Amino acid sequence: MSREDFDSYIPAGTSLPELTLKAVLVGMILAIIMGSANAYLGLYAGMTVSAAIPGAIMALALLKPLKGNILENVIGMQGAAAGEALAAGIIFTIPALVVIGAWESIQYLETTLIALIGGTLGVLWMVPLRRALIVKTDLPFPEGIAVAAVMTTADSEGDGDDGGGGSIWMIIGAALAGLVKFSQVSLNIFKGSVESVVEAGKYYVLGQSRGGYFYGGAAASPALLGVGYIVGPRIASFVFAGGILGWVILTPLILLSTGMPEGAATAVDGFYKIWGDYVRYIGVGAMVVGGLYTIWGLRNNLMEGIKEAIIGIRGGQVESKKRTENDLSYKKVFLTIGFLVIPTFIIYAWVSSAYAISGFMAIVLVIAAFVASAIAGYMAGLLGSSNNPISGVTVAVLLFVSILMLAFGATGIEGMTVVILMAAVVACAGAISGDVLQSLAAGQMIGSTPYKQQLAELFGVIAAAPVLGIVVKALDSAYGIGTKNLPAPQAFLMGGIVEGVIGGEMVWPYVIAGAFLAMVLILMDIPVLPVAIGTYLPLTLSIPIFSGGVIRSLVDRYISGRTGGEEDEEEGEPSDWEMAVKQSGVSPKEEAHRTGLLFTAGLIAGEALMGVVSAFLIIGNIDLSLLDKAPSWPGMVVWGYIAFLIGYIVIRTFNKARAEEAHSET
């Protein structure tokens, strides 16, 4: 199916201000904000949240006082999405260099250059592929449709909730979560988590009497409540199940056989020692198999994506007089891609001193970035950016490059460094390309000019990359990569793979156990990656994620009970682009759902950004503590109140919308 004759919301013959200074500046500001927030969230919870819809709402809110039109709003949204995607690529890989000991701390210059090169490659590769993957296919682009629906609804209603009133919930959520985080970390009024270990009897094991232990704990994190609400009860439950497996079953069993580790000051410290040395490697093994299985299960779609990509390149530039079909010059794009081999080679040679290998790998990287971009772009169109298995793609690239390095005889820390840096560029390219295609799809529906969107995405990359280097370095300095305050699960996974393949350093029995766990989950048709992440993460993080999923389930049940199933047919993702540009209002159910998403997205952004601010205060030795020893219970009370507030706001919005709808009908 072709979309060449699709009628966009703004006709191709209509010309409006688009790539204006105010739109570009708003996009760059949002790139920095969303990139910083997602960098913290990804390192803290192992998950990132798509910025497509929150970015669209924030762009609408910021550009409304400046009288921005809908095409300028698209440009602003591009920046937010670029920052979020680039953060995912960086935090999945760069911290692995700290994990394996190649870097003592995050290196700012190298991180920034990798982000710039990877992000730019991701944007450029999507230029010749736009027509092949958007115009020439019937891929649904779920988040692109959602963004188009939000923007066209706000535009048609003028002062609709999406443009003004709705965004207030995101602001309230951000302010509330930011205040909680500041009280926890900087003011030290109450602790950010509560955890305890209790002895659960004595057992005779291996000829000795050993104590049994039970661990429990939870983080008073508004952001993780928001993550659980957004991902929904099913995924949140799988994450929680992995946490129960790792912390309530496996760790106590290991303690029964080994006893409490020497040097552990408390039982909680002993639990974290066992988790860090053994249990988290079970999560690593499960994540590796889960990522590879994801790639295998999508093999037909991935091959189709590469096929469409090659067709797009071989087809050459399509000359068109239609404004909505004008891309950046293919010639300039390919020249720039070729030029990027040079700085890539310089970086690899700089950090490894292996010049011949670095030159070869720089060329391989450009090809790998194309393949990853094509795969990520196709999968973003099919499943959405939030469900894009970019970590699985990165794992596959990491294994391939590791084997190549072994073939060259490049071992040791230098070889591992080059492998991870290659994976970092590919991860950034893949994450950005999926985001670019989703945004271009939204622009296609609305009627944006492609080359102006592509330039806006590049501006977003340029704005976010230097700041991400600062933010990740600050987070590492303040909290420590790989600690319970900043577990960095994907980076630990990447580092573990490289150490295992090239360095030969891996706790293989536990990795293999994790691999078999993944196989069992696959046979049971249970998603592997959420369970693996739950096993890897501290249980204190899994519980608030699960709690957010429970709140979502309760709210959905309440709304479904009041609607009597009358809107069940609207549950799936939209498949018709015409619905995205239809000028109509939303149902009470949709309005309540949107309010919940905005509020929880605000919780995520507020806590994450304040986490970054607090990190800089820690680095600057600025002590604002009000208490020497903070209690735990006030934080849990506040956290419980916010959990109640999420459900209350959504239900209140639904009931209010239902009453207004009934009044208008009468």
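## Contacts of I94 and the nonpolar cores

In this predicted model, I94 touches W103, I106, T111, I114, L421 and A424, leaving aside residues up to four places away in sequence. I94 also belongs to the largest nonpolar core, which has 138 residues. Together with L86, L121, Y348, M361 and L475, I94 is among the residues that touch the most other members of this core. Helix α15 (residues 412-446) supplies the largest share of the core, 21 residues.

Another core, of 35 residues, lies apart from the largest one. Its members include I57, W169, F599 and I646.

## Salt bridges

Side chains of opposite charge can pair when their charged atoms come close. The count here is three salt bridges.

E18 pairs with R323, with 3.9 Å between the closest N and O atoms. E18 lies in the segment before α1 (21-45) and R323 in the loop between α10 (299-314) and α11 (330-339), so this pair ties together parts 305 residues apart in sequence. Both E18 and R323 are buried. E72 pairs with K22, again with the closest N and O atoms 3.9 Å apart. Because E72 is in helix α3 (residues 70-93) and K22 in helix α1, the pair ties together parts 50 residues apart in sequence. E72 is buried, at 2% relative accessible area, whereas K22 is partly exposed, at 27%.

R552 is buried at 12% relative accessibility, and D556 is partly exposed at 32%.

## A nonpolar surface patch

Y108, L109, W350, I470 and F616 form a nonpolar patch on the surface, with about 470 Å² of accessible area together. I470 sits in helix α16 (residues 450-479) and is partly exposed, with a relative accessible area of 39%.

Methods: Residues numbered from 1 in each chain as written. Predicted model: local features only at pLDDT ≥ 70, side-chain atom pairs only at ≥ 80, totals over all residues. Heavy atoms only, no water. Patch = residues over 30% accessible without salt bridge, like charges linked within 9 Å, V, L, I, M, F, W, Y side chains within 5 Å. Areas by Shrake-Rupley, 256 points an atom, 1.4 Å probe, with all protein chains shown as cover. Salt bridge = Lys/Arg side-chain N within 4 Å of Asp/Glu carboxyl O. Helix = DSSP H or I, 4+ residues; strand = E, 2+ residues; numbered from the N terminus. Buried < 20%, exposed > 50% of the residue type's maximum accessible area, 1.4 Å probe, protein only. Core = buried A, V, L, I, M, F, W, Y, C linked by side-chain atoms within 4.5 Å. Contact = heavy atoms within 4.5 Å.
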